[in-house]
Amino acid sequence: MNTNHIRTVKGGGSLQGIIKVPGDKSISHRSLIIGSIAEGETNIEGFLYSEDPLSTADCLRKLGVNIPEIKKNQPFTIKGLGIDGFKEPEEILDCGNSGTTMRLLMGLLAGQKGSNFILTGDKSLNERPMGRVSKPLSLMGGKIHGRKNGSKAPISITGNRLKGCVIGTPVASAQVKSAILLAGLNASGTTSVIEPASSRDHTERMLKAFGADINIRGELGRNIVIKSGNNLTGQNILIPGDISSAAFWMIAASIVPESEIVIKNVGLNPTRTGILNVMDEMGCNYKILDKSTIAGEPIGSIDVKYVSNLKPFKVEGDILPKLIDEIPILTVAACFCGGVSEIKDAKELRVKETDRLKVMATQLKKFGANIIEKEDGLIINGDSKFHSAEVDSETDHRVSMSLAIASLLAKGSSKIARAEASRVSYPTFWDDLDKLIN
Ligand code: S3P
């Protein structure tokens, strides 16, 4: 991203209104990827029209998948190629800023026998860890090379015959798990993934709906077993709103005085709702309305009202994967909870689009926040009063949006540099903010 859009946000107002957040990013990626390897047509509605999923669409087109031009708010149909029908691309596959694109494609392409692929990304993505995917795929017979001993992109893949394996992943990452499961579709026999804690399960749900032989074992659903051999069949996919985007409004309504926001049509998959547990601990005032299920995913609307005496919270252990993308906005929330909040076991945040522990601590301190950075988390004292500041997203979409919400609590006008980073997951964020400000 070479542009620098500075946004000015005035503190002191309240937020009111009804909003519908854009489609779920994780499910949008998967709808394209799984639709591409299915037989027949997959109809997709509610797709997130933003940079990350569009990077996935672009890569899949280069692999020969028939994906029409995607237009905002318009359903579309893709035609799958079957499990091993990709062509060798003439160009490098550019994954942009998107870890999900790169890691899931690595799993998908490792077993495309006889073809060669090169994947790259932007400056941030090419510094993120890829060994966590290339290592397990190599155990399955994948031929994957990359900078720094296969651990950094650009990555090259020579499609090879894969064999099913039992793989224990060292990190609870849905991207790693999904890469292994997608490789398992093209491997001989059975592939089994054991996670240290349950991560989001959109891949498992969607593969099952498309007809894959996939089973979840173990009490906590940490062992996922996939057997190759079943053909996948195209489906109709209706993508719910992204709870990770809704999170900005859920927290904003809770901490900005006199606010109330209703967020419609939010995905409530239990592997994603850790933020609701934290909001319970904080004593937030929210209701879930209109609960239903679409395309195998639970959804509902969330009505959130301001509370003046929020309590501090602690985030640690197995809940982390269920709120991994909400840590930046929860850090903002902690600044307005009376007492000391703690975020632990969150080392993963250091290898996201930016080092989110460092970036959030650095940027929020500019408003006057009282935050101590630890190796694996943050300690936040909620006693500070925010003053206006000039802050910087450091190119991270979730940081940009978290700083916008923090600015609402600061006295005076604050400036957010590189605010356009929000385009990666929530292109209409700034318009929605304008609509909600009173
Ligand atoms: C994602 C998984 C998470 C999350 C990311 C999207 C996915 O990453 O942070 O925004 O779609 O699978 P990890 O799986 O690396 O934790």
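Biologist: What distance separates the centres of domain 1 and domain 2?

Modeller: 29 Å, taken over C-alpha atoms. This is a predicted model: local features need pLDDT of at least 70, side-chain atom pairs count only at pLDDT 80 or more, and totals for chains, interfaces and linings use all residues. Residues are numbered from 1 along each chain as its sequence is written, and side-chain values use heavy atoms, with hydrogens and water left out.

Biologist: Which residues make up each domain?

Modeller: Domain 1 takes 7-23 + 240-436, and domain 2 takes 25-238. The bounds come from an automatic or database domain assignment. In the contact (heavy atoms within 4.5 Å), domain 1 has 29 residues and domain 2 has 28.

Biologist: What makes the chain as compact as a globular protein of its length?

Modeller: Start with the content: 13 helices and 24 strands. These are DSSP runs, numbered from the N terminus (helices H or I, at least four residues; strands E, at least two). The radius of gyration, over C-alpha atoms, is 21 Å. The C-alpha trace spans about 60 × 45 × 45 Å along its principal axes. Buried residues make up 60% of the chain.

Biologist: Why does Glu-258 count as exposed?

Modeller: Set its value against the cut-offs: buried is under 20% relative accessible area, exposed over 50%, partly exposed in between (1.4 Å probe, protein chains only). Glu-258 has 60%, so it is exposed. Its phi is positive, about 65°, although it is not a glycine. Glu-258 sits in the loop between α8 (243-255) and β16 (260-267).

Biologist: Why is Glu-394 called partly exposed?

Modeller: Its relative accessible area is 27%, so it falls in the partly exposed class. Phi of Glu-394 is also positive, near 55°. Its place is the loop between β23 (390-392) and α12.

Biologist: What makes the bond between Ala-153 and Pro-154 a cis peptide bond?

Modeller: Omega there is about 0°. Pro-154 belongs to strand β8 (residues 152-158).

Biologist: How do you know that the largest cavity lies between the domains?

Modeller: Both domains give residues to its lining, so it lies between them. A cavity is a set of points on a 1 Å grid over the protein atoms alone where a 1.4 Å probe fits but cannot get out; lining residues have an atom within 4 Å of a point. The largest cavity holds about 340 Å³. A volume is the space filled by probe spheres set on the points, which are joined across faces, edges and corners. Of its 28 lining residues, the closest to the centre are Gln-175, Arg-200, Ile-324, Asp-325 and Lys-352. The lining divides into five nonpolar, eight polar and 15 charged. Nonpolar means Ala, Val, Leu, Ile, Met, Phe, Trp, Tyr, Cys and Pro; charged means Asp, Glu, Lys and Arg; the others, Gly among them, are polar.

Biologist: Where does the largest pocket lie, and why?

Modeller: Domain 1 and domain 2 both give residues to its lining, so the largest pocket also lies between them. A pocket is an open set with protein on both sides within 12 Å along at least five of seven lines. Its volume is about 550 Å³. Lys-20, Pro-22, Gly-23, Gly-46 and Asn-73 are the closest to its centre, of 26 lining residues. The lining has 13 nonpolar, seven polar and six charged residues.

How values were computed. Rg over C-alpha atoms; globule rule 2.2 N^0.38 Å.
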